[in-house]
Amino acid sequence: MNRYIPVLGRVLFSLIFIASGFGKIADFGGTQEYMAAYGMPATAVLLVGAIVLEIFGGASVLLGWKTRWGALALLIFLIPATLIFHSDFSQQIEMIQFMKNLALMGGTLIVYSLGPGPVSLDGPRDS
């Protein structure tokens, strides 16, 4: 049974990124406006980059294919997103979002460190 726990963890962990990436596609213009409100330049380019990191990083972790690279992509997405969009600690919701993102960063580090586990497209070897 323990051999399936890492795959369940990867599924649960990756869903937030995949859903978020597709949500950005569904509301591309609205997401661009949100980014611009935070003073971000070149919102279209940065938004496409965020979508790619979230969907492909999330799918990589989900499938256990090049898992460490996927975890690294998600970490690269999370660091600036957290610092730019969730650093207004005067609002409780932003503090919660900041802490959630820190927890997700911790998850990326665990996945990066331990790899995909035995049930993955990479198999029992490492990514």
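The model is a predicted one, so local features need pLDDT of at least 70 and side-chain atom pairs count only at pLDDT 80 or more, while totals for chains, interfaces and linings use all residues. Residues are numbered from 1 along each chain as its sequence is written, and side-chain values use heavy atoms, with hydrogens and water left out.

Back to that pair: the axes of H1 and H3 cross at roughly 155° and come within 8 Å. Axes here are lines fitted to C-alpha atoms, for helices over the stretch in contact, with angles running from 0 to 180 degrees between N-to-C directions. The helices themselves are DSSP runs (H or I, at least four residues), numbered from the N terminus. H1 passes H3 in a left-handed crossing, meaning that the near helix is turned anticlockwise from the far one by less than a right angle (clockwise would be right-handed). On the H1 side, the contact (heavy atoms within 4.5 Å) involves residues including Phe13, Phe17, Phe22 and Lys24, and on the H3 side residues including Leu47, Ile51 and Glu54. Sorted by class, this contact has 13 nonpolar, four polar and three charged residues; Ala, Val, Leu, Ile, Met, Phe, Trp, Tyr, Cys and Pro count as nonpolar, Asp, Glu, Lys and Arg as charged, and the others, Gly among them, as polar.

H2 meets H3 quite another way. Their axes come within 10 Å and cross at roughly 115°, which makes H2 roughly perpendicular to H3. The crossing is right-handed. Phe28, Thr31, Gln32, Met35 and Ala36 of H2 make the contact with H3 residues, among them Leu46, Leu47 and Ile51. Eight nonpolar and three polar residues make up the contact of H2 with H3, with no charged ones.

Next come H4 (residues 67-85) and H5 (residues 92-114), which pack at about 160° with axes 9 Å apart. That angle makes H4 roughly antiparallel to H5, and the crossing is left-handed. Residues of H4 including Leu74, Leu78 and Phe85 meet residues of H5 including Phe98, Leu104 and Tyr112.

The largest pocket has a volume of about 490 Å³. A pocket is an open set of points on a 1 Å grid over the protein atoms alone, where a 1.4 Å probe fits, with protein on both sides within 12 Å along at least five of seven lines; lining residues have an atom within 4 Å of a point. Points are joined across faces, edges and corners, and the volume is the space filled by probe spheres set on them. Of the 26 lining residues, Lys24, Glu54, Phe77, Ala81 and Phe85 are closest to the centre. H4 gives the most to the lining, with seven residues.

Key. Helix = DSSP H or I, 4+ residues; strand = E, 2+ residues; numbered from the N terminus. Parallel < 35°, antiparallel > 145°, perpendicular 65-115°, else oblique.
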